[in-house]
Amino acid sequence: MILHGISFGISFGILWVSLSFHLLGIAMLMETAAVESLTPFIFDYNTRVVVVGTSLLGLAGGAIGVLLLLRKRALIGDAIAHATLPGLALAFFVATALQIDGKSLWILLPGAAITGLIGAMTVVAIRTFSPIKEDAAMGIVLSVFFGAGIAMMRIIQQMPDGYAAGLEGFIFGKTASMRFQDACLIAVSGATVVGLLVLFRRQVELMCFDESLARTQGWPVTFVDIGLMAATTTIVIVGLQAVGMILIIAMLVIPAAAARFWTWRLWPTIATSSFIGCIGAASGAIISTMAPRVPSGAAIVIVLVILFSFSALFGRKNGTVWRWARRFQQRRETDQQHLLRSIYEWLELKGSKPHDFGQTRSESFLLNDLEFVRNWSPSRLARTANRFQRNGLLVQLSQNRWALTATGIQQCVRAIRQHRLLELYFAQIANLSPEAIDRGADYSEHALDDQMLAELERDIDGASIGYEVPESLHPIGNIQSLNNQSRNEANP
Amino acid sequence: MAISIRAMTVAYQRKPVLWEVNLDIPTGKLVGLVGPNGAGKSTLLKAILGMVPTIGGSVSIFGLDYQDVRSRVAYVPQRSSVDWDFPATVRDVVTMGTYGSAGWFWPLTKRERNRAHEAMEQVGILDLANRPINQLSGGQQQRAFLARALAQQADLFLMDEPFAAVDAATERAIVDCLRRLQELGKTTLLVHHDLHTVPEYFDYLVLLNVRTVAVGPMAETFTDENLQRTYGGRLTILDEVSEAIRRREAARP
């Protein structure tokens with residue numbers, strides 16, 4: 001509870017910090033003496049502008065990306081991005097015709113935003129007014145707009161003035177051309193997006209999880225949805241220059257997908273995603289300034305993918321490595337219990353249950369004699385036995401001959417008791433057939449803890465089992481013949 | 001009257017789903033909404049809440065327009081209508097029920113958190129409060145949804161198939177909870193499928209098949225003839241039902 005509170009506080013903290021980061025970023029860009037002396041950066045001024053600009057973009061993109069992912073709208077960002085190309089080209093045409101500088105962002109970006117939004121609205125319109133589904137609609141819009149844009153770019157390149165070089169930078173990203181104003185634009189847009197997100201956090205959360213609840217509570221879902229689309233468009237547009245329209249989708253989707261491996265709550269996910277986006281974008285930008293041949297968009301995507309792979313492998317929630325480790329651990333514990341059980345059953349067959357006689361060491365036995373583990377590979381058997389020896393449960397008397405120690409006897413009794421109690425439970429309370437109880441107990445016994453064991457004892461008739469081991473309900477070491485027997489009964 | 005509907009018609013792409021539905025539900029009843037597949041049961045709930053466009057007719061809730069009594073109505077959608085992989089804990093989901101009264105921007109207060117806490121307690125999922133919702137069983141998901149509706153502290157509850165594919169313990173817990181709500185004078189309208197349990201669970205019945213076939217107290221409405229008219233030729237269901245009715249009548253003194 002307290003831990004949850006703390007983690008929640010921290011993640012909100014991170015969001016606010018990210019907000020102030022945007023503002024701080026602007027200050028850092030100022031080439032004042034104060035900042036110069038405070039930031040002993042190894043980078044020169046231009047690099048600093050680029051790094052600050054792209055990392056702020058990553059921060060905001062990561063935050064908004066989580067919501068797109070949760071709303072199953074991740075690809076709409078891609079459609080918007082591709083639909084900006086004809087807008088860029090058109091804006092350039094218009095500006096050139098009016099004899100203004102066609103490469104100014106103040107001209108290009110509004111043009112990009114207009115066609116980007118038209119693209120997004122076309123997707124929505126196709127989805128709403130035709131039987132075509134959203135994915136197909138997105139495919140259509142994306143390719144048609146991008147195709148139109150490419151055609152226009154060709155025309156621009158063949159224009160006599162020929163000073164259009166640089167527009168391609170928007171396709172693959174070219175951070176090197178980022179100037180102070182551009183970084184400021186990113187900082188201001190990012191701060192607005194994150195700020196609005198914090199302000200309308202509950203409405204956005206409701207809309208993403210359960211739109212019907214948001215509607216019945218009277219929230220203006222349509223407006224919130226439009227707001228989310230507008231925020232996405234904003235991030236895509238200001239990010240065009242840094243990452244390029246083809247790869248900007250990575251800034252939205254990859255950090256969000258990676259963050260889901262670290263936490264199972266919304267705001268921590270958003271904070272983590274922002275963080276990953278920020279780190280990925282900043283390192284990508286640094287790599288691209290050090291190796292100018294690598295387009296910055298590609299560099300950022302590569303870093304993001306590395307961060308994603310790390311998260312997918314080592315993420316605290318559901319990371320693959322932890323899953324494997326858990327499975328391995330479980331299998332080991334299962335093996336140990338099975339070995340203990342088969343030792344006990346063997347001793348029981350011999351009529352020398354060690355705890356009945358207060359022995360401190362059991363009668364010796366050969367591993368190969370044990371019924372249950374007979375089909376194990378020799379290495380698996382040896383591994384488990386050796387582990388027991390290390391833990392002081394078994395002693396090896398000769399090459400193949402082993403015996404239980406006092407602790408081993410205790411553990412052995414505990415394991416067999418669990419199994420038999422469960423068998424009793426399945427037979428008496430769940431009414432399973434004798435054939436099924438052994439397997440049922442086998443499946444579930446490894447998950448029992450002491451409290452559940454105590455409850456089991458209470459539930460089973462003859463609660464006075466105490467620390468005795470109940471008798472087995474089926475012949476030991478003879479399961480095969482029992483199966484045959486019941487089969488014969490079934491088909492007389 | 002908790003709900004009163006006059007001549008409501010709803011159509012999806014020209015095919016009428018509800019046709020001139022008239023319905024009056026008195027306050028404080030536990031009402032079952034029963035009918036065959038495609039009878040428009042879920043649509044009726046959504047139409048009451050204004051979530052599907054209606055062609056004609058009017059709805060009033062507690063004698064007022066829905067817009068004016070929004071906070072007094074809680075809706076429990078079908079469990080499958082949301083993505084349970086959403087990153088949230090049970091507590092987060094239940095707390096969402098209080099958002100409607102929490103205002104636009106300010107952080108939640110102790111009042112909202114307490115309401116969520118009480119709601120979880122009432123449906124017996126307090127021990128699951130911090131569990132991520134993607135680790136819940138179907139029954140636990142349904143209880144979380146019910147708790148979310150309770151946290152809203154409404155007077156009218158509209159539930160869409162809360163008993164679909166839940167375990168027996170959950171069904172029991174939900175029914176108990178509904179009874180408690182009824183004792184508090186709350187009204188519940190619940191879409192239900194299992195005709196066997198209808199007379200046991202509810203005290204008021206709406207039989208729906210595009211039109212309302214019958215509406216009224218359980219004893220008068222749950223008759224062979226009405227069910228015949230609701231389910232038409234679906235004989236297998238009918239046979240079961242007449243069997244159920246006969247058994248019930250035989251059991252009566």
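This is a predicted model: local features need pLDDT of at least 70, side-chain atom pairs count only at pLDDT 80 or more; totals for chains, interfaces and linings use all residues.
Chain A contains 20 helices and three strands. Of its 492 residues, 43% are buried.

Chain B contains 10 helices and nine strands. The radius of gyration of chain B is 19 Å, close to the 18 Å that the globule rule gives for 253 residues, so chain B is as compact as a globular protein of that length. The C-alpha trace of chain B spans about 55 × 40 × 35 Å along its principal axes. Buried residues make up 43% of the 253 residues of chain B. Among the contacts of chain B between residues at least 6 apart in sequence, 69% join residues at least 24 apart.

The contact between the chains involves 19 residues from chain A and 20 residues from chain B. On the side of chain A that touches chain B, at least two residues are supplied by each of α9 (201-209), α10 (211-216) and α13 (266-290) of chain A. The largest share of this side, four residues, comes from α10(A). Sorted by class, the side of chain A that touches chain B has seven nonpolar, seven polar and five charged residues.

Two helix pairs within chain A were examined. Two packed helices are described by the angle between their axes and the distance between the axes. In one pair, helix α8 (residues 180-199) of chain A packs with helix α11 (residues 221-243) of chain A at an angle of about 160 degrees, and their axes are 10 Å apart. An angle over 145 degrees counts as roughly antiparallel, so α8(A) is roughly antiparallel to α11(A). The crossing of these two helices, α8(A) and α11(A), is left-handed. On the α8(A) side, the contact is made by Asp182(A), Leu185(A), Ile186(A), Ser189(A), Val193(A) and Leu196(A). These residues meet Gly227(A), Ala231(A), Thr234(A), Ile235(A), Val238(A) and Gln241(A) in α11(A). By class, the residues of the contact of α8(A) with α11(A) are seven nonpolar, four polar and one charged.

Helix α11(A) also takes part in the other pair, with α9(A). The axes of α9(A) and α11(A) come within 10 Å and cross at roughly 95 degrees. Angles of 65 to 115 degrees count as roughly perpendicular, and α9(A) and α11(A) are therefore roughly perpendicular to each other. In this contact, Gln203(A), Val204(A) and Met207(A) in α9(A) meet Val221(A), Val224(A), Asp225(A) and Leu228(A) in α11(A). The residues of the contact of α9(A) with α11(A) comprise five nonpolar, one polar and one charged.

Definitions and conventions
Residues are numbered from 1 along each chain as its sequence is written. Chains are lettered from A and ligands numbered from 1 in the order in which they are written. The radius of gyration is taken over C-alpha atoms; the globule rule is 2.2 Å times the number of residues to the power 0.38. A residue is buried if 20 or more other C-beta atoms lie within 10 Å of its own, exposed if 12 or fewer, and partly exposed in between; C-beta atoms are placed from the backbone. Two residues are in contact if their C-beta atoms, placed from the backbone, lie within 7 Å. Axes are lines fitted to C-alpha atoms, for helices over the stretch in contact, and angles run from 0 to 180 degrees between N-to-C directions. Angles under 35 degrees count as roughly parallel, over 145 as roughly antiparallel, 65 to 115 as roughly perpendicular and the rest as oblique. A crossing is left-handed if the near helix is turned anticlockwise from the far one by less than a right angle, and right-handed if clockwise. Ala, Val, Leu, Ile, Met, Phe, Trp, Tyr, Cys and Pro count as nonpolar, Asp, Glu, Lys and Arg as charged, and the others, Gly among them, as polar.
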